[in-house]
Amino acid sequence: MDDKASVAQTTNTRMHFKVISFILEAGIKLHLESVPMATACLIYHRFFKKCESNAYDPYLIASAAIYLAAKVCEQQIRLRDIINVCHRILHKEKPALEVDSKYWELRESVVKCELFILRVLKFQIAFELPHKYLLHYMKSVRDYLDPDTWRDIPISSTAWAFLRDSYHSDLCLRIPPQHLAVTVLYFALQCHGVTIPFNNTAKRQWWQVFCEDIKEESMQETIEELIDMYDMEMRV
């Protein structure tokens, strides 16, 4: 990759990082549940895997992705609320959006963009997410650890935070959901210095019980990407 291409890729990565932060902020303010929020991020990333980043307004795509994800996951959120929240985040210094011609223009843009996203993705918007796997893995690890350890150390919240933050990059497109789930749990345990009892003497490592085909080297590579992503957050 030449220098020009490398600079362009870095610029795109930073732009997508900022837009995903926008999706997550909007999702929190809209009380979007974790699965619809992750689905919105996946829709956004998949769209820009197929389309040039500079050809479309990323924030319009993101707003439409939120609207579409809420529908797919059957969480009722009014389009008006999505438009108002997204507009407020992007224009914090401006007054709240009135129901006038500008509002109706934005509404029409989001609706048309939703249909365009569906066409680009060929209506394939049902995704397998890591969430159910992470929930299952954490229940198993919790049952194996000392109850005081699980109660006193925020392993669960740390793993969920890593999973949520992973959507800032396209890891969710490149890594199987089971692998991503076990990796964020592995990382959370590492961060808190918690070891699984008898893991060193077991025939298989604890993560291999959940995912037979995952390798520790691949988990470390994913963790390095997550660390790089947190480093980028400081620079964006």
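Tutor: Start with a point of reference: His 31 has 65% relative accessibility, so it counts as exposed. The cut-offs are over 50% relative accessible area for exposed, under 20% for buried and in between for partly exposed, with a 1.4 Å probe and protein chains only. This is a predicted model, in which local features need pLDDT of at least 70, side-chain atom pairs need 80 or more, and totals for chains, interfaces and linings use all residues. Residues are numbered from 1 along each chain as its sequence is written, and side-chain values use heavy atoms, without hydrogens or water.

His 31 sits in the loop between α1 (3–29) and α2 (34–50). His 31 is not a glycine, yet its phi is positive, about 60°.

Now the whole chain. It has 12 helices and 0 strands. These are DSSP runs numbered from the N terminus: H or I over at least four residues for helices, E over at least two for strands. The C-alpha atoms fill a box of roughly 70 × 45 × 35 Å along the principal axes. Of the 236 residues, 45% are buried.

Our part is helix α3, residues 58–72. Its 15 residues reach 20 Å from the first C-alpha to the last, close to the expected 21 Å. That expected span is 1.5 Å times one less than the number of residues.

How does α3 begin? Asp 57 caps its N-terminal end, with a side-chain oxygen 3.0 Å from the backbone nitrogen of Tyr 59. After the helix comes Glu 74, with a positive phi near 60°.

How much of α3 is buried? The helix is mostly covered, with 11 of its 15 residues buried. Among them are Pro 58, Ile 61 and Ala 62. The stretch from Ser 63 through Ala 64, Ala 65, Ile 66, Tyr 67, Leu 68 and Ala 69 to Ala 70 is buried too.

Which helix does α3 cross? The axes of α3 and α5 come within 8 Å and cross at roughly 75°. Therefore α3 is roughly perpendicular to α5; that word covers 65 to 115 degrees, while under 35 is roughly parallel, over 145 roughly antiparallel and the rest oblique. Axes are lines fitted to C-alpha atoms, for helices over the stretch in contact, and angles run from 0 to 180 degrees between N-to-C directions.

From α3, the residues that meet α5 are Leu 60, Ile 61, Ser 63, Ala 64, Ala 65, Tyr 67, Leu 68 and Lys 71. On the α5 side stand Ser 109, Val 110, Cys 113, Glu 114, Ile 117 and Leu 118. Contact means heavy atoms within 4.5 Å. By class, this contact has 10 nonpolar, 2 polar and 2 charged residues. Ala, Val, Leu, Ile, Met, Phe, Trp, Tyr, Cys and Pro count as nonpolar, Asp, Glu, Lys and Arg as charged, and the others, Gly among them, as polar.

Look at Glu 114, which lies in α5 (residues 101–120). Is Glu 114 buried or exposed? At 8% relative accessibility, Glu 114 counts as buried. Leaving out residues up to four places away in sequence, Glu 114 touches Ala 64, Tyr 67, Leu 68 and Lys 71.

Finally, Lys 122 lies in the loop between α5 and α6 (131–144). Lys 122 has a positive phi of about 55°, though it is not a glycine. Its relative accessibility is 62%, so Lys 122 counts as exposed.

Terms used. A polar contact is a pair of N or O atoms within 3.5 Å; within protein, one must be able to donate a hydrogen and the other to accept it, and residues adjacent in sequence count only if both atoms are side-chain atoms.
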